[in-house]
Amino acid sequence: VEAVHLIADGKAPRIPQPKEGATYEGIQKKENAEISWDQPATALHNWIRGHDKVPGAWTTINGQVVTFYGSSLLDASVPAGQELTIKGASRPGLVTKNGLVIFGNDGKMVLVRNLQFEDGKMIPASKYFSADETTALELTEEEKKMAEDIR
């Protein structure tokens with residue numbers, strides 16, 4: 001009650017909070033979210049999950065910063081997939097039909113479902129090797145007529 005009265009009267013002591021340790025904002029910087037590959041799969045999963053969505057755990061693949069989203073531990077046999085070299089990783093990842101499988105230093109696996117590139121484009125990890133493919137839209141005669149009418 002005394003503290004409330006001091007505050008109400010404007011006489012409560014003001015102790016400035018020290019700057020060191022006053023916030024966690026330093027943790028949320030993108031440069032602090034790079035993945036360290038010399039860890040077991042559980043630690044990799046927790047790192048990716050802990051940085052999902054902001055700022056996003058990232059690594060370098062083919063000279064480009066790629067951010068990982070949506071990880072889960074994978075407790076199965078090594079799935080079939082196309083190898084993907086990841087900078088700093090002791091073993092290449094595997095692009096599978098379910099996503100990108102990465103390996104911890106304990107040989108266990110983590111499945112990453114989504115990848116985001118530096119330009120902001122996000123794709124399912126399973127589509128990594130087909131991300132650059134583009135298909136032309138082909139219209140039927142009826143659709144061409146409708147497009148012309150709309151124009």
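Predicted model: local features only at pLDDT ≥ 70, side-chain atom pairs only at ≥ 80, totals over all residues.

Visitor: Which residue in β6 is the bridge partner of Leu-74?

Guide: The bridge partner of Leu-74 is Met-109, in β6.

Visitor: In what sense do β5 and β6 pair, and over how many bridges?

Guide: The pairing of β5 and β6 is antiparallel and has four bridges. Here Leu-100 has Val-112 of β6 as its bridge partner. The two strands, β5 and β6, form a hairpin with five residues between them, and Gly-107 in the turn has a positive phi of about 85°.

Visitor: What is found between β6 and β7?

Guide: An antiparallel pairing over three bridges joins β6 and β7. Within it, Asn-114 stands opposite Pro-124 in β7. These strands also form a hairpin, with four residues between β6 and β7, and Gly-120 in the turn has a positive phi of about 95°.

Visitor: How should I read the nonpolar residues of a model like this one?

Guide: The general idea is that in soluble globular proteins, nonpolar side chains tend to be buried together. In this structure, the largest nonpolar core has 21 residues, and Phe-68, Leu-100, Ile-102 and Leu-115 have the most contacts inside it. At least two residues of this core come from each of α2, β1 (57–61), β2, β5 (99–103) and β6.

Visitor: Which element gives the most to this core?

Guide: It is β6, with four residues. Another core, of five residues, lies apart from the largest one; Leu-94, Val-101, Met-109 and Leu-111 are among its members.

Visitor: Which residues does Leu-115 touch, leaving out those up to four places away in sequence?

Guide: The residues touched by Leu-115 include Val-66, Phe-68, Leu-100, Met-122, Ile-123 and Tyr-128.

Visitor: Is Ile-48 buried or exposed?

Guide: Ile-48 is buried, since its relative accessible area is 0%. This residue belongs to helix α2. Beyond its neighbours within four places in sequence, Ile-48 is in contact with Ile-35, Ala-57, Phe-68, Ser-71, Ile-102 and Val-112. As for Val-112, 64 residues separate it from Ile-48 in sequence, while the C-alpha to C-alpha separation is 8.7 Å.

Visitor: How many aromatic pairs does a search of the whole structure find?

Guide: The search finds three aromatic pairs. One of them joins Trp-37 and Phe-68: the ring centres are 6.3 Å apart and the planes stand at 65°, so this pair is edge-to-face.

Visitor: Why does the pair of Trp-37 and Phe-68 tie together separate parts of the sequence?

Guide: Trp-37 lies in the loop between α1 (2–8) and α2 (41–50), whereas Phe-68 lies in strand β2 (residues 64–74), so the pair ties together parts that are 31 residues apart in sequence. Trp-37 is buried, at a relative accessible area of 8%, and Phe-68 is buried as well, at 0%.

Visitor: What is the geometry of the aromatic pair formed by Phe-117 and Tyr-128?

Guide: That pair is tilted, with 6.1 Å from centre to centre and 35° between the planes. Phe-117 is in strand β6 (residues 109–117), and Tyr-128 is in the loop between β7 (122–124) and α3 (141–150), eleven residues apart. Phe-117 counts as buried at 11% relative accessibility, and Tyr-128 counts as buried at 11% too. Together with Phe-129, Phe-117 and Tyr-128 form one aromatic cluster.

Visitor: How should I read the backbone angles?

Guide: In general, most residues other than glycine have a negative phi, and most peptide bonds are trans. Here a cis peptide bond joins Asp-52 and Lys-53, with omega about 0°, and another cis bond joins Val-54 and Pro-55, with omega about -5°.

Visitor: What is the phi of Asn-62?

Guide: Asn-62 has a positive phi of about 55°, although it is not a glycine. Asn-62 is placed in the loop between β1 and β2, and its relative accessible area of 62% makes it exposed.

Note on methods: Residues numbered from 1 in each chain as written. Heavy atoms only, no water. Phe/Tyr/Trp six-rings, centres within 6.5 Å; stacked < 30°, edge-to-face > 60°. Buried < 20%, exposed > 50% of the residue type's maximum accessible area, 1.4 Å probe, protein only. Core = buried A, V, L, I, M, F, W, Y, C linked by side-chain atoms within 4.5 Å. Contact = heavy atoms within 4.5 Å. Pairing = 2+ DSSP bridges.
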